Amino acid sequence: MKNCIKCGAEMQDDVQFCPACGAPQQAQEAPQQPYYAQPQQPYYAPQQPAQVKPFPVFGLIGMIAGIVAVITTWFLFYLGIAFSIVGIIFSAIGMAKRNENRMPGMAIAGLVCSIVAIVLTIVSIILAFAVVGAMMGA
Ligand SMILES: [Zn+2]
């Protein structure tokens, strides 16, 4: 049981409005504001919030390597594999650092391009073996 904050009438704990005077009772309850944790600042973060975040170099290299890999894998699949691996490594580093840098999408794009390149490389190798196998069988 609790008492109305306005008129003092007794009422159930779960009622929203006083049955005697109709006053809303939310104010009496404990405030249910969610606790918002302060975002954890990395210890190496710059103290000036106005400072511009660095350009995502790793993400950019990863994206370029991924795009080059997608193109080269059709001609030289081993070059495609090499560029894909470079792209994945740089993109992964870029992903890890994407909160420190501008344009976090750059690393994601690099990772996607590199993974697409790896898949295309595998498909082209399978196709090459399939073609060779068909020629051998003929
Ligand atoms: Zn009341």
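H1 and H3 are roughly parallel to each other, a label given to angles under 35 degrees, while angles over 145 degrees count as roughly antiparallel. The model is predicted, so to speak of local features a pLDDT of at least 70 is needed, side-chain atom pairs count only at pLDDT 80 or more, and totals for chains, interfaces and linings use all residues. Residues are numbered from 1 along each chain as its sequence is written.

Let's step back to the overall layout. The protein chain has three helices and two strands (DSSP runs, H or I of at least four residues for helices and E of at least two for strands, numbered from the N terminus). Starting at the N terminus, their order is β-β-α-α-α.

Now return to the pair we began with. H1 and H3 pack with their axes 7 Å apart, at an angle of about 25°; axes are lines fitted to C-alpha atoms, for helices over the stretch in contact, and angles run from 0 to 180 degrees between N-to-C directions. On the H1 side, the contact includes Phe-58, Leu-60, Ala-65 and Ala-69, and on the H3 side Met-106, Ala-109, Val-116 and Leu-120 are among the residues. Contact here means C-beta atoms, placed from the backbone, within 7 Å. The residues of this contact comprise 15 nonpolar, five polar and no charged (Ala, Val, Leu, Ile, Met, Phe, Trp, Tyr, Cys and Pro are nonpolar; Asp, Glu, Lys and Arg are charged; the others, Gly among them, are polar).

H3 also meets H2. The axes of H2 and H3 cross at roughly 155° and come within 8 Å, which makes H2 roughly antiparallel to H3. Among the contributors are Phe-77, Phe-83 and Met-95 of H2, together with Ile-108, Ala-117 and Ile-125 of H3. This contact of H2 with H3 has 15 nonpolar, nine polar and no charged residues.

What lies in the largest nonpolar core? It has 16 residues, and Ala-65, Ala-69, Phe-83 and Ala-117 touch the most other members. Such a core is a set of buried Ala, Val, Leu, Ile, Met, Phe, Trp, Tyr and Cys residues joined through C-beta atoms within 7 Å. H1 (57-72), H2 (77-96) and H3 (105-137) each supply at least two of its residues, and the largest share, seven residues, comes from H1.

Ala-117 deserves a look of its own. Beyond neighbours within four places in sequence, Ala-117 contacts Gly-66, Ala-69, Val-70, Thr-73, Gly-80, Phe-83, Ser-84 and Gly-87.

Definitions and conventions: A residue is buried if 20 or more other C-beta atoms lie within 10 Å of its own, exposed if 12 or fewer, and partly exposed in between; C-beta atoms are placed from the backbone. Two residues are in contact if their C-beta atoms, placed from the backbone, lie within 7 Å. Angles under 35 degrees count as roughly parallel, over 145 as roughly antiparallel, 65 to 115 as roughly perpendicular and the rest as oblique.
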